[in-house]
Amino acid sequence: MKYIISVLLAICCCLHTSAQKHNVFADGALSLAYLDPGFSATYNYNFIKYIGVGVGGQGYVFHPAKTSFRKFTPAVFADFRFRIRPEKISQYYVLTDVGVDFYKHSNETYQEGYYEYSVPKDNGIYLGLGIGYFLRLTHSGWGPYCTIKLINNIYELDQYNLRTREQKSKNVAGGTVIISLGFRFGDNDDVPKN
């Protein structure tokens, strides 16, 4: 939780800078795995017209690992966005987020057939891929948006064969699809076209 608070403070500090092209995306979301709520907040800077980079924090409820119960899993990430039609009122974007999920691994094992699985480490690599729609309502770039995003936790999984007594480790991914609705706060002075 302290990591998410640190990221949100960094986002707020960045808003007070005097340069333009700054955006903050804040949303509430629904995980389609179990219809659990979640949230995200992202600071994004458009260093050129079509491409933005930033940082963010989020929290969703899902199974972060094969041996974990469904639980709230916070993450911090770097955000990369490609904006389609940025000069228009009606805009689209594609995003990729890469970061870290924060959770404690479980000492429990999971058995499936002749295999027993365990997760040896805390935390995992967060990967999010999504597409979105933004409707610009104000001259400075404020407006609502919606995003559909696939979030994944990539983690190390130990696999033990009960018949052959062979053990190996592999990297696997588990996640869910997220639908979010939010509001973008901007600091852009370019005049949108219809």
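Reader: What should I know about the ground rules?
Author: The model is predicted; local features need pLDDT of at least 70, side-chain atom pairs count only at pLDDT 80 or more, and totals for chains, interfaces and linings use all residues. Residues are numbered from 1 along each chain as its sequence is written, and side-chain values use heavy atoms, with hydrogens and water left out.

Reader: What is the mean pLDDT of the protein chain?
Author: pLDDT is the predictor's confidence in each residue, from 0 to 100. Here the mean is 85, and 86% of the residues reach 70 or more. Residues 14-19 stay under 50. For that stretch the model has five contacts (heavy atoms within 4.5 Å) beyond four places in sequence.

Reader: How many helices and strands are in the protein chain?
Author: Helices (H or I, at least four residues) and strands (E, at least two) are DSSP runs, numbered from the N terminus. This chain has one helix and ten strands. The order from the N terminus is α-β-β-β-β-β-β-β-β-β-β.

Reader: What share of contacts joins residues at least 24 apart?
Author: Take contacts between residues at least 6 apart in sequence. Of these, 60% join residues at least 24 apart.

Reader: What share of the 194 residues is buried?
Author: Buried means under 20% relative accessible area, exposed over 50%, partly exposed in between (1.4 Å probe, protein chains only). Buried residues make up 42% of the 194.

Reader: Which residues make up the largest nonpolar core?
Author: A nonpolar core is a set of buried Ala, Val, Leu, Ile, Met, Phe, Trp, Tyr and Cys residues joined through side-chain atoms within 4.5 Å. The largest one here has eight: Ala29, Tyr60, Phe62, Ala75, Phe77, Tyr126, Ile151 and Ile178. A second, separate core has six residues, including Ala65, Tyr103, Tyr117 and Val119.

Reader: Which residues is Tyr126 in contact with, leaving aside neighbours within four places in sequence?
Author: Among them are Ala75, Phe77 and Ile151. Gln58, Asp97 and Lys149 are also on the list.

Reader: Where does Asn123 lie?
Author: Asn123 sits in the loop between β7 (115-118) and β8 (124-135). Its phi is near 65°, a positive value in a residue other than glycine. Asn123 is partly exposed, at 31% relative accessible area.

Reader: Is Arg165 buried or exposed?
Author: Arg165 is exposed, with a relative accessible area of 60%. Its loop runs between β9 (143-161) and β10 (167-187). Phi of Arg165 is near 60°, again positive in a residue other than glycine.
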